[in-house]
Amino acid sequence: SGVSVETDVAVIGAGPVGLFAVFECGMLRMRCVVVDALDAIGGQCSALYPEKPIFDIPAHPQIEGAALIERLEAQAAPFTPLYLLGRRVERLRELDGEWEIATSAGDHIRAKAVILAAGAGAFGPNRPPLEGLAGYEASGAVRYLVARREDFRGARVVIAGGGDSAVDWALSLKEVAAKVTVVHRRPKFRAAPESAARLDQAAARGEVEMAIPYQLHGLEGDGSRLTGVVLSTMKGETRSVPADHLLPFYGLSMELGPIADWGLGLERSHVAVNPATCETNLPGVHAIGDIATYPGKLKLILQGFSEAAMAAHAIHPRVFPGEALHFEYSTSKGVPAG
Ligand code: FAD
């Protein structure tokens, strides 16, 4: 299973910086394949703060995480990248001066160069250990992120967790959902105090039901369509809450995972690069964005954008050996019709 493709540049990570790298490579006529562990592009912007405004993207006095990703996708689109989503890059190895990448979905990508834009590593939700979970995940009944609040209009929603995401989404979804139940193991929430206080007030007004101290125990339904969530106390007493959706917010973890085994020079879980080219200790493997480190590195999207441009220019001679690269402005070159 999986696809077998050849490309100029394999981009590992579809966060904002990986997406902009597709554009920068495209401007230099280099084709990209982009792989991400998440099902959606956008990295931290999509997974952690799609509706939060960002204030330090040049020329955007403010732009929400999801909107920034939409625009980066549109900017990269004329260069028709191949996105391979929902799979983790497991292996990177050199093959006759090129690079071969293997993913968890069985894909094999052969590339002349690699841009590692992997943030803090592959994203994955912390999943509750519930029987039959996979079927309800596949149908969208159980979700770990809310892409659109409207998806939950009129639905009965159970939210599990005690952090900011659980509290913020409970407050937000109660405006559209038929019913919101919050399941937490203890009365104290690890959320911003003012949000936790607002949740208490909403509960007191009966707008949100609090199931405390409970934890998730089981799922009810036909294996795909959810009808209820079974909760249990620490003593093992159970009760069932009718539900169409379960949103467990037990945090996302990003783990460097396999990246640590590829022979890259690491400095405290970041990949050390030459700041002039973003090249790592492996020739033809460049690291940009949050994962890259060098003296003066700022973990900001705007710095990642500039690293994408530097990496693309540094990679060009590998993809087009012997061909002179004349520096050109985008204004004189233009982009292909998308
Ligand atoms: P990421 O966005 O982390 O994306 C990396 C992607 O690589 C992930 O999707 C991951 O799944 C994937 N990946 C990693 N390893 C693998 C693998 N082995 N196989 C497949 N896929 C893999 N920055 C700002 O500049 N301004 C702000 O105002 C700002 N606000 C923020 C607010 C919050 C709440 C947070 C959490 C961050 C904020 N940041 C902000 C930081 C900003 O989001 C990051 O700097 C940015 O997302 C880094 O982009 P990236 O593309 O390098 O990596």
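Guide: An oxygen atom of the ligand is 3.5 Å from a polar backbone atom of P16. For V17, the distance from a ligand oxygen to a polar backbone atom is 3.1 Å. V89 brings a polar backbone atom to 2.8 Å from a nitrogen atom of the ligand. The protein buries 87% of the 1000 Å² that the ligand exposes when taken alone. Such accessible areas come from the Shrake-Rupley method with a 1.4 Å probe; for residues, only the protein chains shown count as cover. These pairs are polar contacts, meaning two N or O atoms within 3.5 Å; inside the protein, one atom must be able to donate a hydrogen and the other to accept it, and residues adjacent in sequence count only if both atoms are side-chain atoms.

Keep two points in mind. This is a predicted model, so local features need pLDDT of at least 70 and side-chain atom pairs count only at pLDDT 80 or more, while totals for chains, interfaces and linings use all residues. Numbering runs from 1 along each chain as its sequence is written, and side-chain values use heavy atoms, with hydrogens and water left out.

Now step back to the shell. The ligand has 31 residues around it, and D36, Q44, Y49, V89 and D290 come nearest. To be near, a residue needs a heavy atom within 4 Å. Which elements each supply at least two residues of this shell? They are α1 (16-27), β2 (32-36), α2 (43-47) and β9 (122-125). Helix α1 gives the most, with three residues. Helices (H or I, at least four residues) and strands (E, at least two) are DSSP runs, numbered from the N terminus.

Contact here means heavy atoms within 4.5 Å. W262 lies in the loop between β17 (252-255) and β18 (266-267). Is W262 buried or exposed? W262 is buried, at 8% relative accessible area. Buried means under 20%, exposed means over 50%, and partly exposed is in between, using a 1.4 Å probe and protein chains only. The side chain of W262 has a polar atom 3.1 Å from the backbone oxygen of E90. A polar atom of that side chain also lies 3.2 Å from the backbone oxygen of P258.

E90 has another partner. Its side chain meets that of R88 in a salt bridge (3.0 Å, N to O). A salt bridge is a side-chain nitrogen of Lys or Arg within 4 Å of a carboxyl oxygen of Asp or Glu. Side chains of opposite charge can pair when their charged atoms come close. Both partners are partly exposed: R88 at 25% and E90 at 29%.

The whole structure holds 19 salt bridges. Another joins R239 and E209 (2.7 Å, N to O). R239 is in strand β15 (residues 238-242) and E209 in strand β12 (residues 209-211), so this pair ties together parts 30 residues apart in sequence. R239 is partly exposed at 28%, and E209 is partly exposed at 25%.

Next, look at E237. W262 and E237 are 25 residues apart in sequence, yet 48 Å apart in space, C-alpha to C-alpha. E237 is in contact with S232, as are P213, Y214, Q215, H217 and T238, again leaving aside neighbours within four places in sequence. S232 sits in strand β14 (residues 226-232). At 3% relative accessibility, S232 is buried.

One more salt bridge links the side chains of K174 and E175 (2.8 Å, N to O). E175 is exposed, at 51% relative accessibility. A network of salt bridges joins K174, E175, R205 and E207.

Finish with helix α5 (residues 164-173). Seven of its 10 residues are buried. They are A166, V167, W169, A170, L171, S172 and L173. What do the buried residues of α5 pack against? Their neighbours are β10 (156-160), β11 (179-183), α6 (193-204) and β16 (245-248).
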